[in-house]
Amino acid sequence: MRALITGITGQDGGHLAELLHSKGYQVFGLIRGQNNARRQQFETEFPYVELIEGDVTDPSSLVQAVEQAQPDELYNLAAISHVGYSFKNPSLTADVTGKGVLNVLEAVRMAHMGDRIKVYQASTSEMFGGLDYNRPGRGYNEQSLFHPRSPYGAAKLYGHWMARNYRESYGMYVTCGILFNHEGERRGAEFVTRKITKAVAHIKAGLQDHLELGDLWPKRDWGYAGDYVRGMWQMMQHPEPDDFVLASGETRSVQQFLESAFEHVGIDDWRPFVRQNPALLRPAQVDILLGDPAKAEDQLGWSREIDFTGLVQRMVDHDLKLAAVAVAAR
Ligand code: NAP
Ligand code: G4F
């Protein structure tokens, strides 16, 4: 089996490459830029991945990538994925996170491989967004209404509907995973969980004295990225393309994540170490995300191995090791 992954240098790209390699796949990854700063580190960690240069905003590079990789499965993970950044760069976000999906789908169709390549689209719980009329109740599922609250969420919703349209119009195998927040050791430090675990480790090691955050009250449904990429692969083995929610079914506030991380290093009172920075507030907030993964559990047999406490501890322990290396190098 051959797989092409866009967004290979991101968090999920790394986990998915590892999973597919362990299953015997030949893995190809689309990498952008003339001199991508992440390339060398990526090649060291994943020597078995064959990198192909391309960009989801450049249709011809995608046709070439598809022709070169000849994939059985194409996982479209590339995106500008930071919600806060998308408010500052909405047009770029529309081009990459939205129209980029159309470019990938068209590349498969234009290369006349629409009948043999299965496509996975990385859709998101940010598409639900949420206002009073569509609060999640027992959890958003595949039938819930969408109301995106950011340029990122709106761009993803466009990509989601284009993916569904290619499934319905051309009979292509295009599956959308509507994934709730998933985190881990590979999470970028610009996302709140990793920002917290890194800061907690640095504070414990004496490398940093405080942490600046935005809103602490929003709630998210957090899981471990390794569990979620396994769900992506399971979706692609399903006989029919479809939409599936992956979520933990539990929701906690940013403050609860913060408390758990500090608690794990033996600091009971986190308040002296945390300041609010108004520059980190967003023009609109998604108050609460809670997902219902029943369909994926029933139809795919998907389950999670790592719970919330395990996730926090794993991330903090990883960052404590990195902090110890930094202290030793001083
Ligand atoms: P991530 O760490 O931010 O990775 C994004 C990837 O997209 C990076 O490899 C980045 O490459 C690549 N990329 C950005 N612009 C590109 C372009 N113009 N052309 C080609 N590649 C480009 O995201 P992630 O957490 O792994 O998430 C993977 C996907 O799932 C994303 O689409 C995200 O929106 C979606 N998603 C994530 C979550 C979550 O909780 N993690 C939940 C739901 C959905 P560079 O190295 O060049 O920057
Ligand atoms: O970690 P976040 O930036 O993740 P967010 O906005 O939930 O988006 C992530 O999950 C989505 C799935 O639901 C993905 F589609 C998306 O690509 C991304 O992976 O922020 C989480 C919460 C927000 O309410 C934010 O306002 O934490 C709050 N927050 C408070 N202080 C902060 C900060 N977020 C960040 N990034 N940085 C802060 O300092």
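In this report a helix is a DSSP run of at least four residues and a strand is a DSSP run of at least two, both numbered from the N terminus. In that numbering, helix H11 covers residues 308-328 and contains Asp319. The structure described here is a predicted model.

Asp319 counts as buried because its relative accessibility is 2%, and buried means under 20%. One is the side chain of Arg194, at 2.7 Å. The other is the side chain of Thr197, also listed at 2.7 Å.

The segment that follows H11 holds Ala329. Ala329 has a relative accessible area of 66% and is therefore exposed, the term for values over 50%. Along the chain, Ala329 and Ala199 are 130 residues apart, and their C-alpha atoms are separated by 18 Å.

## Parallel strands

Several strands of the model pair in the parallel sense. Strand E2, residues 26-31, pairs in this way with strand E3, residues 50-53, through four bridges. Within this pairing, Ile31 is placed opposite Glu53 of E3.

Strand E4, residues 73-76, runs parallel to E5, with four bridges between them. Here Glu73 faces Lys118 of E5. E5 is also joined to E6 by six bridges, again with the strands parallel. In that pairing Val119 is opposite Val174 of E6. E5 is mostly covered, with six of its seven residues buried.

Strand E6 spans residues 174-179 and includes Cys176. Cys176 has a relative accessibility of 0% and so counts as buried, the cut-off being under 20%. The C-alpha atom of Cys176 is separated by 6.5 Å from that of Phe244, although the two residues are 68 positions apart along the chain.

## Surroundings of ligand 1

The model includes ligand 1, which is surrounded by 26 residues, and the closest of them are Thr9, Arg32, Arg38, Ser81 and Tyr152. By class, this shell consists of ten nonpolar, ten polar and six charged residues. Three elements each contribute at least two residues to the shell: helix H1 (11-22), strand E5 (118-124) and helix H6 (151-170). Among the contributors, E5 gives the most, with three residues.

Backbone atoms of the protein lie beside oxygen atoms of ligand 1. For Gly7, a backbone N or O atom is 3.3 Å from such an oxygen. For Leu77, the corresponding distance is 2.8 Å. A polar backbone atom of His182 is 2.9 Å from an oxygen atom of the ligand. On its own, ligand 1 has 900 Å² of accessible area, and the protein covers 92% of it.

Val192 has a polar backbone atom at 2.9 Å from a ligand oxygen. The protein covers 95% of the 710 Å² of accessible area that ligand 2 has on its own.

## Distances to ligand oxygen atoms

The table lists these pairs by ligand.

| Ligand | Residue | Protein atom | Distance to a ligand oxygen atom |
|---|---|---|---|
| Ligand 1 | Gly7 | backbone N or O | 3.3 Å |
| Ligand 1 | Leu77 | backbone N or O | 2.8 Å |
| Ligand 1 | His182 | polar backbone atom | 2.9 Å |
| Ligand 2 | Val192 | polar backbone atom | 2.9 Å |

Terms used:
Residues are numbered from 1 along each chain as its sequence is written. Chains are lettered from A and ligands numbered from 1 in the order in which they are written. This is a predicted model: local features need pLDDT of at least 70, side-chain atom pairs count only at pLDDT 80 or more; totals for chains, interfaces and linings use all residues. Side-chain values use heavy atoms; hydrogens and water are left out. A polar contact is a pair of N or O atoms within 3.5 Å; within protein, one must be able to donate a hydrogen and the other to accept it, and residues adjacent in sequence count only if both atoms are side-chain atoms. Accessible areas come from the Shrake-Rupley method with a 1.4 Å probe; for residues, only the protein chains shown count as cover. Two strands pair if DSSP finds at least two bridges between them. Buried means under 20% relative accessible area, exposed over 50%, partly exposed in between (1.4 Å probe, protein chains only). A residue is near a molecule or strand if one of its heavy atoms lies within 4 Å of it. Ala, Val, Leu, Ile, Met, Phe, Trp, Tyr, Cys and Pro count as nonpolar, Asp, Glu, Lys and Arg as charged, and the others, Gly among them, as polar.
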